[in-house]
Amino acid sequence: MLPPASPPAARQCLSFTSHRIAACRREAPLMKGKSEEEETAAAAAAAVGANSAGGVDLTPAAARRNKKRKLPEKQLPDRVAALLPESALYTQLLEFESRVDAALHRKKVDIQEALKSPPALQRTLRIYVFNTFANQAPRTIPPPKNAEPPTWSLKIIGRVLEDGAELDPASVVPKHNPVYPKFSSFFKRVTIALDPSLYPENPLIIWENARSAAPQEGFEVKRKGDKEFSANIRLEMNYNPEKFKLSQPLMEVLGVEVDTRSRVIAALWQYIKAKKLQNPTDPSFFMCDPQLKKVFGEDKLRFAMLSQKISQHLSPPPPINLEHKIKLSGNGAHASACYDVIVDVPFPLQKEMSAFLANTEKHKDIEACDEVISASIKKIHEHRRRRAFFLGFSQSPVEFINALIASQSKDLKLIAGEANRNIERERRADFYNQPWVEDAVIRYLNRKPASGNEGPGGGAGGS
């Protein structure tokens with residue numbers, strides 16, 4: 001009796017299965033490979049074929065190839081498991097791996113669902129507006145040669161404040177926190193209007209978020225000039241999802257001034273539920289109290305019409321209008337002012353969750369372990385086939401050799417294209433008296449190249 005199939009290969013398979021599970025728990029990407037049902041089906045298919053002679057595989061090689069049975073990548077069939085004592089631990093590792101895969105898959109689905117409607121936090125966006133100037137010296141007659149022209153720069157910079165943080169408006173502008181979006185991400189359009197009498201060529205500077213290649217930490221307008229004036233700044237907020245300004249009657253009912261359409265509808269439903277205004281006989285209607293009657297102008301309303309009815313009470317939110325005096329005298333930044341705006345910022349973990357789903361580099365360790373496991377399984381199958389071959393030969397040499405010769409003979413006939421030929425029948429004369437023989441001979445002679453005067457229609461040999 002030969003020894004069992006390669007214990008080192010089995011131990012290597014066990015080791016890399018453990019490494020694969022460890023890498024899975026460390027990197028936490030979704031593992032690739034066959035599903036548990038596919039692997040079980042493949043293992044069952046691989047187990048079929050062991051005959052009753054002690055589980056020894058005496059099937060000829062050609063017959064095994066004709067079954068077109070694909071070896072599983074990770075599962076060990078029962079007849080291989082019976083030869084390997086370590087297979088029980090390997091099977092337990094596979095079951096644990098499948099549970100880890102299922103847990104990671106559920107977590108990935110949860111993250112994907114959370115990113116579809118990401119939660120937001122309200123923070124204070126502090127807008128700093130100030131201007132600097134250069135070369136604003138008193139004029140001299142005549143002016144000095146090669147003197148730089150007087151210039152000024154208007155700067156608009158914003159920072160998201162930490163929860164509960166208070167900064168001195170006169171202090172230096174703090175650094176941008178990379179956790180929060182950049183300043184320009186909060187605005188759809190920024191318009192700066194200069195004095196048209198001083199700058200008739202381009203008095204209006206417009207920045208649009210849709211045309212911007214990348215978000216900016218602030219805006220700066222630089223011009224030549226030595227006269228003070230007032231610049232008007234118009235900031236249009238970029239809400240995502242879109243927010244609307246509520247009409248005065250609806251604002252009195254809900255107590256909010258600006259909100260999204262879905263939150264307005266949800267707040268109305270909570271109001272109706274709290275006031276018990278739903279019609280008990282027909283739940284598709286609700287009754288309007290005096291405040292709701294001011295909004296909808298009806299005594300009762302169908303829930304299906306609620307979204308349509310509130311459209312006339314929603315309008316685009318008003319822009320933020322600021323006025324800044326461009327001063328050209330004094331020291332440093334001048335006329336610095338701060339304006340606070342409440343904005344929605346993404347949940348702190350949203351960026352990490354998006355990076356987790358988009359990151360594919362962490363799959364390399366797991367894929368490498370999968371390749372080593374598959375290679376080890378193939379080695380085990382190869383050792384099992386070799387063991388079955390020699391074991392079958394040792395138990396019944398004559399029967400095994402005859403079966404092997406018959407199998408190789410059949411393979412040779414298939415390769416030579418003679419699988420359907422019957423040599424004994426071709427030796428008899430009646431084989432050549434069949435109707436197709438004459439046509440086959442004519443076709444053969446017409447295709448055979450003529451040499452000299454021989455062949456059909458040739459010289460002296462013709463009739």
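Two strands are said to pair if DSSP finds at least two bridges between them. Helices (H or I, at least four residues) and strands (E, at least two) are DSSP runs, numbered from the N terminus.

Residues are numbered from 1 along each chain as its sequence is written, and side-chain values use heavy atoms, with hydrogens and water left out. As the model is predicted, local features need pLDDT of at least 70 and side-chain atom pairs count only at pLDDT 80 or more, whereas totals for chains, interfaces and linings use all residues.

The protein contains 14 helices and 13 strands. Of its 463 residues, 30% count as buried; buried means under 20% relative accessible area, exposed over 50%, and partly exposed in between (1.4 Å probe, protein chains only). The protein exposes about 29700 Å², and carbon and sulfur atoms supply 54% of this area. Accessible areas come from the Shrake-Rupley method with a 1.4 Å probe, and for residues only the protein chains shown count as cover. Among contacts with a separation of 6 or more, residues 24 or more positions apart account for 72%, a contact being heavy atoms within 4.5 Å.

S3 has a further partner in strand S4 (residues 204-208), with which it pairs in the antiparallel sense over 5 bridges. In this pairing, Thr191 stands opposite Ile206 in S4.

Strand S2 (residues 151-160) is mostly covered, with 9 of its 10 residues buried. Strand S1 (residues 120-134) pairs with S2 in the antiparallel sense over 10 bridges, and Arg126 stands opposite Arg159 in S2. S2 is also joined to S5 by 7 bridges, again antiparallel, with Trp152 opposite Arg223 in S5. Within strand S5 (residues 218-224) lies Val221, which counts as buried because its relative accessibility is 6%. Although Val221 and Ser153 are 68 residues apart along the chain, their C-alpha atoms are separated by 5.5 Å. Not counting residues up to four places away in sequence, Val221 touches Trp152, Ser153, Leu154, Ile192 and Ile205.

S7 and S11 pair over 2 bridges, and Leu246 stands opposite Leu314 in S11.

Strand S8 (residues 258-260) contains Asp259. Is this residue buried or exposed? With a relative accessible area of 12%, Asp259 is buried. Its side chain makes a polar contact with the side chain of Arg263 at 3.1 Å. Such a contact is a pair of N or O atoms within 3.5 Å; within protein, one must be able to donate a hydrogen and the other to accept it, and residues adjacent in sequence count only if both atoms are side-chain atoms. Beyond its neighbours within four places in sequence, Asp259 is in contact with Lys243, Phe244, Leu246 and Val264.

Helix H7 (residues 261-275) has 15 residues, which at 1.5 Å a residue should span 21 Å; the end C-alpha atoms are 21 Å apart, in agreement. The expected span is 1.5 Å times one less than the number of residues. Val264, Leu268, Tyr271 and Ile272 are the buried residues of interest in H7. They cover an arc of only 95° around the axis, which puts them on the same side of H7; the arc is that of the directions from the helix axis to the C-beta atoms. An α-helix has 3.6 residues a turn, so residues three or four places apart point the same way. The cover over the buried residues includes strand S7 (243-246), helix H6 (248-254), S8 and helix H8 (290-296), among others. The face turned away from the buried side carries the exposed residues Ser262, Arg263, Lys273 and Ala274.

After H7 comes Lys276, in the loop between H7 and S9. Most residues other than glycine have a negative phi. Lys276 counts as exposed because its relative accessibility is 74%.
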